[in-house]
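Here are my notes for when you open this one. I've kept to the parts I'd look at myself, point by point.

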Amino acid sequence: MSFSSSVEEIKGVGPKTAEALKKYNFETIKDLAYYFPRDYEDYQKATKIKDLEPGKVIIKGKIYNLMVNYVRRRHFNIESGIIYDETGEIRVVWYNQPYRIKAFKPDTEYYFSGNFDFKYNHYQLTSPAVNLATEVEETKNGFQPIYSTKGSYKSIWFKKLFEEMRTEIAKAPDMLPYVKPGTRAEALYNIHFPDTYADVEKAKSYLAYEELFELILAAKLNKNENSKLKAEPLKFVAENTKEFVDSLPFKLTNGQRLATWDILKDLEKPEPMNRLLQGDVGSGKTVVSSVAIYQAYKAGMQSALLAPTAILATQHAKTLKKLLEPFGVKVELLIGATKKKDALKKRIIEGDVDVVVGTHAIITDDTKFKNLGFAIIDEQHRFGVMQRQKLLMKTGDKAPHFLAMTATPIPRSLQLTIFGDLSVSTISELPKGRTPIKTKIINELSMSETLYPEMEARMKDGEQIYWICKLIEETGRSEAANVKKEADKLKIRFPEKRIEYLHGRMKPDEKDAIMNRFKDGEIDILVSTTVVEVGVDVPNATTIVIMDAESFGLAQLHQLRGRVGRGEKASQCFLVVQDDKEPTTRLKELEKSTDGFHLAEVDLKLRGPGEIYGQLQHGAMNLKIATLSDTKTIAKAQKAAEEFAKHPENMLKYEELNAAIKKYQQLTTLN
Ligand code: ADP
Ligand code: MG
């Protein structure tokens, strides 16, 4: 057995388990070695019950008086019991974990680790992790890794598995250049079998470096490869652009003009543009893309615009038709619900359509273009890498020019490390005449005094309202039932008003119909899930109410809020919170600022970059250990990767590294 052996060679792993592990991408011992513990627990530090203090604790004890209570009002179960040791006893509770109760054996010792706090008028231990004392003590030291559960495989199962791999992990081969031999084996050993936190910290420092080195090297190699690609130059003709821009219903903002200029210049080049257009919600990115589309059209090439939802695609198709059709440009919508798709696809391949706007339907295998010269992805963080790659399918050695648009800015650190070859244009102002959105945090209990009268007044002036509800998963209620219930409540409150609802499970044409009626002013209050989150543009909607605001992320709240404030009328956003707890920092920041770039920075500080940007750009990729705020390690890895990439023959010598970065190479490019 060795580091690269199949998991089947591990003692106790039969074909069936191997098959199950494969589902989690554990095929070799190496794969498992890179499954890092999510935390550690120092069982030697177990506290006697009489000495407990509030906070995170570990208790060794037995349990009795097990009970399950159903709380009807809140639709959940509470499992409770009493834990005791020789010094005293305390209450323990779990929520909705009935299996807990069944698993306990009487008169048996367990380790319970969790939070010990004063709640509901008494001290209790809440939702602790539980381990059989004999199993914990079997292992030599009491400092134990905790692994996240995968399917039916719990932490304790992984621990036993790792015991069987101790020797192989200790002998992990070296992988990186310019690193002291044996460092990797030591780090991997220490991350799984540490004696102290110091061991873990040291291991993490190497593993973070390894991760960043791979990522940065992959980005550098991509850059080298991309520079070899060719694209059709789409000539800039000043009169054409001027004529089109003059026809727009408004004057472009300065930011829009600069961004447009960057793009039009790039399109002229014989290598594919790879540009990100970032601009806050409402900054007017769509119209910028239309100017570029017009240039592609004049150069005789087709364009495609991919949007994350059918609602948004429909809206974009409408906008682009209005702007471009007077110039003879043929714009068509292609979404799942499009009728006579085959006929449309035939026209696309024959070149009888100039611009295709759509959802995933435009990247299915049977949608082919005659000559796709320009591809745009709107709200690009919503798409996975594979989807982006499909849109950019190359023909021969030619690739289309590529523009990604997003309202979620990428911080500089990420731009420099991972997207070294990405050009960025930023629109940093909103069109003139917009009144800033007023944001207020309000309590659910005070809605009738503050919120409802305000809604009444807005609707009296003919303005419209979004009412966003959170999908509450724990209650088991379906999305549809939830929005419907909210809509019914509002109908009682505002019997004269036209109230409709919208949710993700509705058929696309039902969604469109509702959205169109809202746009046309035929609906006063639109109750919706977050399906309206991105891009939707209804300038007459001036109020947005976000229920259970604390359960949304900052970026998401900012996007939702961006649904209003799109016209000249003053707009407002109400963040409704459930109880009278102090509002979270997130909500307070949102109340203070409407600047998406500032909020992105705040979000970065609050959650850390992994959380946000792990998903943002790389879909499947998530940094496991490294953080993008670790500028020191980034600089070190940058330097080493640069040196290494100078000598392509190196790649042949470092076989394992080569394979590892292939994976990243796919993920770190926009095309
Ligand atoms: P986003 O950047 O969020 O995608 P949109 O492209 O949807 O923004 O534009 C938001 C709204 O602003 C649209 O109604 C659009 O017509 C309008 N708009 C865009 N540019 C300007 C401008 N320069 N002046 C006035 N309104 C504009
Ligand atoms: Mg948009």
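1. A polar contact here is a pair of N or O atoms within 3.5 Å. Keep in mind that this is a predicted model. With that cut-off in hand, go to R434: one of its polar side-chain atoms sits 2.6 Å from an oxygen atom of ligand 1, so the pair falls inside the limit of 3.5 Å. As for cover, ligand 1 taken alone exposes 570 Å², and the protein buries 84% of that.

2. The backbone joins in too. At G282, a backbone N or O atom comes to 2.6 Å from an oxygen atom of ligand 1. At K251, a backbone N or O atom is 2.8 Å from a nitrogen atom of ligand 1.

3. Who else is around the ligand? The shell of ligand 1 counts 17 residues, and the closest are K251, G282, T286, R434 and D537. Sorted by class, that shell holds 6 charged, 6 polar and 5 nonpolar residues. Which helix or strand gives the most to the shell around ligand 1? That is helix α10 (residues 285-298), which supplies 3 residues.

4. Now over to strand β9 (residues 302-306). Is β9 mostly covered or mostly open? Mostly covered: 5 of its 5 residues are buried, and buried means under 20% relative accessible area. In a regular strand, side chains alternate between the two faces of the sheet. For β9, Q302, A304 and L306 lie on one side, S303 and L305 lie on the other, and all of them are buried, so both faces are covered.

5. Have a look at what β9 pairs with. It runs parallel to strand β12 (residues 372-378), with 5 bridges between them. Strand β11 (residues 355-358) is also parallel to β9, joined to it by 4 bridges.

6. To check one pair by eye, take strand β2 (residues 55-71) and strand β5 (residues 110-119): they are antiparallel and share 7 bridges. Across that pair, G55 stands opposite F116 in β5.

Notes: Residues are numbered from 1 along each chain as its sequence is written. Chains are lettered from A and ligands numbered from 1 in the order in which they are written. This is a predicted model: local features need pLDDT of at least 70, side-chain atom pairs count only at pLDDT 80 or more; totals for chains, interfaces and linings use all residues. Side-chain values use heavy atoms; hydrogens and water are left out. Two strands pair if DSSP finds at least two bridges between them. Helices (H or I, at least four residues) and strands (E, at least two) are DSSP runs, numbered from the N terminus. A residue is near a molecule or strand if one of its heavy atoms lies within 4 Å of it. A polar contact is a pair of N or O atoms within 3.5 Å; within protein, one must be able to donate a hydrogen and the other to accept it, and residues adjacent in sequence count only if both atoms are side-chain atoms. Accessible areas come from the Shrake-Rupley method with a 1.4 Å probe; for residues, only the protein chains shown count as cover. Ala, Val, Leu, Ile, Met, Phe, Trp, Tyr, Cys and Pro count as nonpolar, Asp, Glu, Lys and Arg as charged, and the others, Gly among them, as polar. Buried means under 20% relative accessible area, exposed over 50%, partly exposed in between (1.4 Å probe, protein chains only).
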